[in-house]
Amino acid sequence: MRQVLGASFRPELMNTPAAKLAVLNSLVDQRLLLLETAKGRLGAGDELLREVISKIPALQENGQFSMSRYQTALAAQGMSQAQFEAQLRQDLTLQQLVGALGDSGIASSTVIDKLLRIQAEERQIAEWRIAPEQFAGQVNITAPDIEKYYEQNLKRFEVTEQAKVEYLVLSLEGLLAQLKPGDGEVAAWYESHKDRYQQAEERRASHILILTGGDVDQEKARARAEEVLMEAQKSPARFAELARQYSQDPGSAEKGGDLGFFGRGMMVKPFEDTVFKLRENELSGLVQSEFGFHIIRLTGIKPGKQRLLADVRPEIEDELRRQTASRQFAEAAEAFSNMVYEQPDSLQPAAEKFKLKIQQSGWLPRNPSPDLLTGLGQLGNQKVLASVFSEESLKNKRNTEVVEIAPNTLLAARVIEYRPATTKPLATVKTDIEALLKVEKEAALARAAGESKLRELQQGATEDKLAWVSVRKVSRQDDRQLPAAALKAIFRADVHKLPAYVGADVGDGNYMLYKIMTVSHPAKVDDNRRKALQREYSTILGQEDFAAYLAGLRLRYKIDINQSALESKER
C-alpha cells in the first residue's frame with residue numbers, strides 16, 4: 001500500500017478492524033488453497049520454474065537471463081535464492097488451481113443475446129419538470145420550526161475543537177539548501193570521476209531506405225536498392241536528390257535523407273556499426289536491418305571530448321550536496337527526535353541546533369474532512385493531528401512526538417493556543433436554518449405534486465395535457481444522459497402498454513415526470529461487442545465459481561478468528 005499510494009499513504013488506515021480482517025481473510029484463503037493443492041498433488045516442476053525466472057524482464061541483459069542481475073535483485077529484497085524460488089514455486093502451484101477454477105465460467109449464446117438485447121434497448125421519452133421554485137409562496141417557516149430543527153440537529157452546528165501550533169520540519173531538502181561544497185572538494189571529485197564527464201562522439205548521416213517485410217519481395221527490394229546504390233556511387237553529390245526520389249523513410253526522405261547528429265545506441269545495430277566505421281563524406285554499401293536496405297552517407301563528425309570542470313560544476317555540486325545531506329540527515333534524524341523528546345517544553349533548542357525556522361499554523365481542526373486535510377499542507381497528516389490533540393500535548397503542554405510526514409521529512413509540533421469544541425448559538429445560525437427549511441419544504445411540495453400527477457397519468461384519471469419537452473431516446477449503455485434515479489425509473493417501467501409514465505426525484509428539489517412513448521432494439525448487434533461481452537460475462541461467472549469454491553473450503557475446514565485481536569489498537 002505504501003508503494004501504491006506514495007505520499008498519500010496513511011498507516012493508520014491499515015490499523016482498523018476492517019483492514020486487518022481483509023488481510024487476514026486473504027491469508028486464510030491462501031492457506032486453504034495450498035491445502036487443496038497438496039491434497040490434489042499439484043506442483044510446479046524445476047523446468048517450469050527455470051522458464052518463468054528466465055523470462056522475467058528485470059532479470060535479463062541484452063535479451064538473455066543474467067545471473068548477476070538475479071542475485072542483485074534477490075539481495076535488494078533480502079531473500080536467498082532458495083527462499084525466492086520456494087515462494088515462486090508456491091505461486092505457480094496456486095495459479096494452476098486458481099486458473100482452472102477462474103477459467104471455468106461459460107456464458108451461453110442465449111444468455112449473451114438476452115444481455116445484449118437488454119443493454120441495447122432504447123426508450124423514447126419526453127419529460128416534464130416540477131421545480132421547487134413553483135411553491136415558494138406556499139412555504140412559511142415559523143420560529144418554532146427553526147428551534148425544533150436546531151435542537152434535533154445540534155451536531156450539525158458543532159465547531160470541532162481546534163488548535164494553533166508552532167512546528168519544526170527537518171528534511172533532506174532543507175539540509176541540501178544549507179550545504180555548499182568547496183572548490184577543492186569539487187575539483188577533487190571531478191579528477192576522480194573524469195570518465196563520467198566524457199562527451200561521446202556523435203555522427204551525422206543521411207540514408208536512402210528501401211523497405212522490406214510484410215508482402216514486399218526481399219529479392220526485388222535488394223535489386224532495387226542495388227540500382228539506387230549504383231546511381232549514388234556514380235554521383236555522390238546528388239545523394240540528397242536521390243534520397244528525396246527513392247527513399248521510403250517518410251521521416252527523412254523529404255530532408256534529403258538527413259538524420260541529424262546521433263550517438264551510439266540511438267540507431268539499430270547494423271546501421272550504427274556502419275556509420276561509426278565510415279569516413280566523413282564516405283558512402284556505404286548496402287546495409288540490411290530489420291527495416292530494409294540502407295544506403296548511408298556520413299556527412300559530419302563531432303569528436304568525443306572531455307567536458308570542462310566549469311561546465312559540469314553545477315552537476316558535481318548537486319551530487320556532493322546530496323551525498324553529504326543524506327549522510328547528515330541519517331545522523332540528524334535520531335538526534336532531532338531525541339532532543340524534541342528530552343526537552344519537551346520548547347522547540348527552540350532543536351531549532352537552534354539544526355538551524356531550522358519555527359513556523360506557526362492557523363487553526364487546525366481535530367478531524368478535518370479529506371479535502372481540508374489536503375489543504376493543511378505539511379500538517380495535513382492524521383498522525384500529526386493525533387499527536388497535536390493528545391493529552392500530553394494539550395494538557396501537559398509538551399512537544400508532540402516526531403512524525404515522518406514524507407520520505408526523509410520529519411515534523412514536530414507544539415500547541416500554542418487551543419479552542420475546545422463548541423456549539424454555535426441559535427442566533428448565529430437562525431438565517432441558515434430558515435433557508436434550509438424553506439428549500440426542504442419547497443422540495444417536498446414539488447415531490448408531492450409530481451407524485452400526485454404521476455398517479456393520475458398512470459391511472460388514466462386525467463387527460464394527458466402536459467406540454468412535454470425534450471423528446472429523445474435513452475439507453476442503459478449511455479448513463480450520462482440522465483440522472484441515475486431517472487434512468488433507473490425509466491428502465492424499470494412496465495412498457496407492455498404505451499405510453500407509460502414514471503417519475504423520479506432528480507436532486508436539487510426537482511421532481512421529473514417521464515413519458516415513455518416507444519421501445520426499440522437495434523436490428524443487428526456488433527459481433528465484436530458480442531464477443532467482448534461473452535468474455536466479460538465468462539470472467540464474472542468464473543469469479544463467482546471461484547468465490548463459491550472458497551466458501552465451500554471455509555465450510556470444510558475449521559477456522560477460528562480472534563475478534564479481540566482484530567479490534568486491538570496495539571501495533
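Helices (H or I, at least four residues) and strands (E, at least two) are DSSP runs, numbered from the N terminus.

Welcome to the structure. This is a predicted model, in which local features need pLDDT of at least 70 and side-chain atom pairs count only at pLDDT 80 or more, while totals for chains, interfaces and linings use all residues. Residues are numbered from 1 along each chain as its sequence is written, and side-chain values use heavy atoms, with hydrogens and water left out.

**A pair of helices**

Let us start with helix α5 (residues 81–102) and helix α20 (residues 527–556), whose axes come within 8 Å and cross at roughly 125 degrees. Angles under 35 degrees count as roughly parallel, over 145 as roughly antiparallel, 65 to 115 as roughly perpendicular and the rest as oblique; α5 and α20 are therefore oblique to each other. In contact terms (heavy atoms within 4.5 Å), L97, V98, L101 and G102 of α5 meet G542, D545, F546 and Y549 of α20. The residues of this contact divide into five nonpolar, two polar and one charged. Here Ala, Val, Leu, Ile, Met, Phe, Trp, Tyr, Cys and Pro count as nonpolar, Asp, Glu, Lys and Arg as charged, and the others, Gly among them, as polar.

**An open sheet**

Next comes a sheet. Four strands form it in the order β17-β3-β19-β18, as an open sheet with antiparallel pairing; two strands pair if DSSP finds at least two bridges between them. The edge strands, β17 and β18 (500–505), each pair on one side only. Neighbouring strands of this sheet are turned by 30 degrees against each other on average, direction ignored. Helix α18 (residues 426–459) packs on the sheet and touches β3, β18 and β19, its direction making about 35 degrees with that of β19. Helix α19 (residues 484–492) lies across β3, β17, β18 and β19, and runs at about 155 degrees to β18.

| Residue | Partner | Partner strand |
|---|---|---|
| R123 | V474 | β17 |
| R123 | V519 | β19 |
| Q124 | T518 | β19 |

Strand β3 (residues 122–130) pairs with β17 (residues 469–475) over five bridges and with β19 over nine bridges.

Leaving aside residues up to four places away in sequence, L513 touches residues including W128, I130, L454, L457 and W468.

**Nonpolar cores**

A nonpolar core is a set of buried Ala, Val, Leu, Ile, Met, Phe, Trp, Tyr and Cys residues joined through side-chain atoms within 4.5 Å. The largest has 20 residues, and those with the most contacts inside it are L168, L170, F329, F336 and F354. At least two residues of this core come from each of β5 (162–171), α8 (172–178), α13 (309–342), α14 (348–353) and β15 (409–419). Helix α13 gives the most, with seven residues. Apart from this core lies another, of 18 residues, among them L373, L385, V388 and A413.

How values were computed. Axes are lines fitted to C-alpha atoms, for helices over the stretch in contact, and angles run from 0 to 180 degrees between N-to-C directions. Buried means under 20% relative accessible area, exposed over 50%, partly exposed in between (1.4 Å probe, protein chains only).
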